[in-house]
Amino acid sequence: MKRAGVVALNTFREAVRDRVLYNLLLFALVMMAASIIAGQISIGIEETVIITLGLSAISLIGLLIAIFIGVGLVSKEMDKRTLYALLAKPVRRWEFLLGKFGGLALTLALNVAAMGVGLFLALVYVKPVFERGDLTVLIAVYFIWLKLALVVALALLFSCFTTPLLAILFTTGIYIVGLYVQELRNMPMQVMSPGMTLFTKWLSYLLPNFENFNIMAMAAHSRQVPGALIAQNTLYAAIYCTMVLTGAILVFSRRNLK
Amino acid sequence: MSAPAIETENLSKEYPHGFLNLKKRTSLERLSMQVEEGEIFGFIGPNGAGKSTTIKLLMRLIFPTAGSARILGKPISDIEMHRDVGYLPEQPYFYDYLTAAELLDYFARIHDLSAAQRKERVQTTLKKVGLETAGKIQLRKYSKGMLQRVGMAQAILHDPQLVILDEPMSGLDPVGRREARDIILDLRREGKTVMFSTHILSDAEMLCDRVGVIVGGKLRGVGTPGQLVDVTTQGMEILFELAGPCTAPLLAKATRTGDRYRLQVPETGLYDAIEQLRAAGAKILAVARVRATLEEFFMNLVEADRAQAAAVEVSGK
Ligand SMILES: Nc1ncnc2c1ncn2[C@@H]1O[C@H](COP(=O)(O)OP(=O)(O)OP(=O)(O)O)[C@@H](O)[C@H]1O
Ligand SMILES: [Mg+2]
């Protein structure tokens, strides 16, 4: 397990040296633009504009990192054969995989946290009086991070058995479908054949529900988040990540390197 | 008696290929061999013979279709065996965003060395492979031969009992080759076991206590380099100069380069040929034993391999 930590720190170092954190500049630009736009619209919805734009930007930038770097975590090491020397050392394949996952999750955590703080400061700037509900925006950022960790796990799983390009397509596909899981559950079951009903039902529970992590509306209206939702989302992400990573480990542990 | 450093039993690897992966291509066929503790073992064979396949199987980078192997007395599935083993991959490549010193430090952490040990080992190992001045340069700026040296460094970093090197000399300049040979010999002096693959017969001859020859995925023989070369001795070569014109019948068989002539004769006809040349007024410069070149050596085995494959095909019909 200690070795997984060593791998994780190196993965983080790679992200830093490959200038992944430069996206923070991009985010700063987005926030500045948002503030200017918000300033020109009528007073009162300034915060709403900033929160909506800010959270969307954090989510989108995070998703790009999670998918593209997540898919490359293992496949790049296999393609460039950097993995060979490492796996011949006393490190188990699951330790390597967990390390890779942990490293990117850590990178994303710092990244998203920095953007979250930026967003919060922008908010404090436009809003003279401060209430407790304004903290919701930080919880929204935390939920985005949970969602991103789940996306990384999925990207890792797919990259363990397909080409990087397909893995990117699959991960993106699952993410998009995962935004509509609720709609799938609400489908008019009575008009479908029994087999179809069962299939839809199973599918809706099997797919990750990404919409649960979206509390943009709550944040925009400074509503407080119930503690139960925080616990539920944390648990859901933890269990789902564990399952997906277990799958990835099973596949990767049997895999022949080129 | 202690267990062999490496022991394989019927180790086999098939790769699926063709339409829907239905066909199988055998890369390694029932390899059974042993590398004794404390020896330098050379693994030689032409391109595609199965050298890297064997080594990757031993390192658990790929998994065998059948058979088993033990390293230092432990089955290769036991992760503990990796503590005492160093491995240099073929055409090594490493994280290019790290410097050589950082990379070695990272691997030393994986090996659980303490901070003090890491510092010391990284420095001495860099020095040993001739990279002490390049330790602070990012690996993306390294040349091929420098990367090969880094590969050697990470293989011996943790002072392993057994070192397995896949083509350690490839990409190295003459100085580098010499240094690599010295490292290998040093390892043996320290009582370590070394197994390395190569298709450069002279390297194997110079270094190895024993060699194994593999062609077409099958082990074709194991023995000392002397045994291997004796089998392929092709007689004697005489190098001579001529003062004036000469009409000796032997001359027709000689090849001329500049003023000099080379003549190959069977070992039994050596003295006879020398006398004839002297009678013809030739000045004899050197007499040497002819060894099959690597090319001939392999071509013979490969030809035999093909002939056998053809025979199997015919008898199969
Ligand atoms: N991933 C793979 N898929 C299919 N066939 C493979 C794979 N890897 C190796 N082979 C085949 O296995 C055989 C042995 O390859 P191997 O790499 O062991 O050769 P080698 O002896 O190391 O040769 P070289 O001197 O060129 O390094 C070759 O015929 C090769 O085509
Ligand atoms: Mg090879």
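Of the 317 residues in chain B, 47% are buried, where buried stands for under 20% relative accessible area, exposed for over 50% and partly exposed for what lies in between, with a 1.4 Å probe and protein chains only. This is a predicted model, in which local features need pLDDT of at least 70 and side-chain atom pairs count only at pLDDT 80 or more, while totals for chains, interfaces and linings use all residues. Residues are numbered from 1 along each chain as its sequence is written, chains are lettered from A and ligands numbered from 1 in the order in which they are written, and side-chain values use heavy atoms, leaving out hydrogens and water.

**Chain B overall**

- Chain B holds nine helices and 14 strands, taken as DSSP runs numbered from the N terminus (H or I of at least four residues for helices, E of at least two for strands).
- Along the principal axes, the C-alpha atoms of chain B fill a box of roughly 75 × 60 × 45 Å.
- Chain B has an accessible surface of about 15700 Å², 51% of it belonging to carbon and sulfur atoms, with areas from the Shrake-Rupley method and a 1.4 Å probe, for which only the protein chains shown count as cover of residues.

- Oxygen atoms of ligand 1 lie 2.9 Å from an N or O atom in the side chain of B:Asn47, 2.9 Å from a polar backbone atom of B:Gly50 and 2.8 Å from an N or O atom in the side chain of B:Lys51.
- Taken alone, ligand 1 exposes 630 Å², and the protein buries 70% of that.

**Interface with chain A**

- In the interface, 30 residues of chain B are in contact with 29 residues of chain A, contact meaning heavy atoms within 4.5 Å.
- The two chains bury about 2900 Å² between them, 56% of it on carbon and sulfur atoms; buried area is the accessible area (1.4 Å probe) lost on putting two parts together, summed over both.
- B:Leu61, B:Tyr97 and B:Ile110 supply 24% of the area that chain B buries against chain A, more than any other three residues.
- A:Arg3, in helix α1 of chain A (residues 2-17), is buried at a relative accessible area of 12% and touches residues including B:Arg83 and B:Ile110, not counting residues up to four places away in sequence.

How values were computed. Polar contact = N/O pair within 3.5 Å; in protein donor to acceptor, adjacent residues only side chain to side chain.
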